Protein chains: 4
Amino acid sequence: MPPFKTRFRVSWVDTDAAGIVHFSNYFKYFEKAEEELYRTLKFNFESVAEKYGVILPRVEAWCRYKSPLRFNDLVEIEVSVRELKEKAVKYWFKVCNKRNGQLAAEGYIVAVAADKNLGKAVKIPEEIAEKLRAYMET
Amino acid sequence: MPPFKTRFRVSWVDTDAAGIVHFSNYFKYFEKAEEELYRTLKFNFESVAEKYGVILPRVEAWCRYKSPLRFNDLVEIEVSVRELKEKAVKYWFKVCNKRNGQLAAEGYIVAVAADKNLGKAVKIPEEIAEKLRAYMET
Amino acid sequence: MPPFKTRFRVSWVDTDAAGIVHFSNYFKYFEKAEEELYRTLKFNFESVAEKYGVILPRVEAWCRYKSPLRFNDLVEIEVSVRELKEKAVKYWFKVCNKRNGQLAAEGYIVAVAADKNLGKAVKIPEEIAEKLRAYMET
Amino acid sequence: MPPFKTRFRVSWVDTDAAGIVHFSNYFKYFEKAEEELYRTLKFNFESVAEKYGVILPRVEAWCRYKSPLRFNDLVEIEVSVRELKEKAVKYWFKVCNKRNGQLAAEGYIVAVAADKNLGKAVKIPEEIAEKLRAYMET
């Protein structure tokens, strides 16, 4: 399956005094794209916690910045699953600036499945893993 | 007693593409000053919730912007208690730019005391009210 | 004309440790709704600055919080123009939680037109005023 | 020289509905620590831009999360220079939770020196490089 894609406009509040999107905001963009993917797959952080007692804390995040995003730019984020282990998933994100066709940034988030109450790592619920598998990079 | 004062520097992330602090960040500054006041008074949002079962949700917030703050400006916020009712408190904030001596903004937050579990308005715990009274405007 | 409406989902990053959207984020929501309105009207902060040499700094902002928003709630913001003066505009925002049909918050932003280089208040460009007039409350 | 250290308290606004500091905020913390380091070294983003015509855009950022930070935790960030190349610098950050003595996170930011007007990579001004060299890891 092709990567999941979601689009939005850069808001004024996301920019900094250099006139570009602050580097920390790309991580918010990554997570918003992840939320949209989950929405498409009919689950979310809270439904997973309720149904399986599992939370998905982030253990690692990385971003490489290639070209700046500016206010009002139309952004398209591609999300794919780069690694899917028993207890962890690594999402890969490509941030494309549709104004100029350039890659703005790429990066990843690694989340682990953890018991909601005990905090220790557990298996990703099979129903969730199954859905994510469809977005594995090939 | 004179108003409570706290100082900090404007961070780069707080600015926007106009080169000034984004208007929404003043509300973060207000709350951080409130947190510092509480710290001085030896309590905080969580200790109040634990000890009295009371939370302090915000019901109203307002700010008037007078002169812009820029990156690295030294900011001093004055906090005083403008109104102290049985179940609500209105904090008044003055944001002063120590770089140029100008008033950057002023505004208020109204918080109500609410039962942590039921959510309904309750009396501000007397021990807290007593401490806040010392910062009433005269 | 009916008020302008825009919808989005509450992101995880907008919540705080009380499990609800942090009060400062409503001001970001207001501005994002304003940006969407401008987009519909075919202008934006930067095009106004370029075409007319006019910026729209915020001079006042206010919000009353009625019922909390939580992660993943579907939010609808209504924007209308409450006051349109020669040099200033007051936008009114209603934040509706489509999950429960409740009013989450309402508030306003007052922006003034200012000369991009000199900073002093100027007339709102007539072309912009004309477009905004269509969203005046009746 | 030992790493540069700076301390602050976790603000309420930095937390999310899991009751912990949102992962994106660690990057803001990194940059604030970097700003404090620069302040100690008597320069900042804007003075570098003015004096040398050089900006320091971020080209890469990474964080590994070890244990959560919560509201009001006292945080100490250590900053050191891991790599100092002709045109780029990699800062290393350790985020320590002084409440429990645990390492909360560690990570890096890579910044390049770039011509303020042309955007292309240039040498880090020698005066700045000299100051940063004192914080090289040994």
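Let's start with chains B and C: 16 residues of chain B touch 16 residues of chain C. Keep in mind that this is a predicted model.

How much area do chain B and chain C bury between them? About 1500 Å², with 61% of it on carbon and sulfur atoms. Three residues stand out on the chain B side. F23(B), F27(B) and Y65(B) supply 31% of the area that chain B buries against chain C, more than any other three residues.

Now the polar side. Between chain B and chain C there are 0 salt bridges. β3(B) has the largest share, 8 residues. By type, the side of chain B that touches chain C divides into 9 nonpolar, 2 polar and 5 charged residues.

Next, the strands. β3(B) pairs with strand β3 of chain C, residues 58-65, antiparallel, over 5 bridges. One position to look at: E60(B) is opposite R64(C) in β3(C).

On to chains A and D. Here 16 residues come from chain A and 16 from chain D. The buried area is about 1500 Å², and carbon and sulfur atoms give 61% of that. Salt bridges across this interface: 0. Residue pairs in polar contact: 10, both at pLDDT 80 or more. On the chain A side, α1 (25-40), β3 (58-65) and β6 (102-112) each give two or more residues. β3(A) gives the most, 8 residues.

Strands again: 5 bridges join β3(A) to β3 of chain D, running antiparallel. There, C63(A) sits opposite A61(D).

Technical notes
Residues numbered from 1 in each chain as written. Chains lettered and ligands numbered in written order. Predicted model: local features only at pLDDT ≥ 70, side-chain atom pairs only at ≥ 80, totals over all residues. Heavy atoms only, no water. Contact = heavy atoms within 4.5 Å. Buried area = accessible area lost by both parts, 1.4 Å probe. Salt bridge = Lys/Arg side-chain N within 4 Å of Asp/Glu carboxyl O. Polar contact = N/O pair within 3.5 Å; in protein donor to acceptor, adjacent residues only side chain to side chain. Helix = DSSP H or I, 4+ residues; strand = E, 2+ residues; numbered from the N terminus. Pairing = 2+ DSSP bridges. Nonpolar A, V, L, I, M, F, W, Y, C, P; charged D, E, K, R; others polar.
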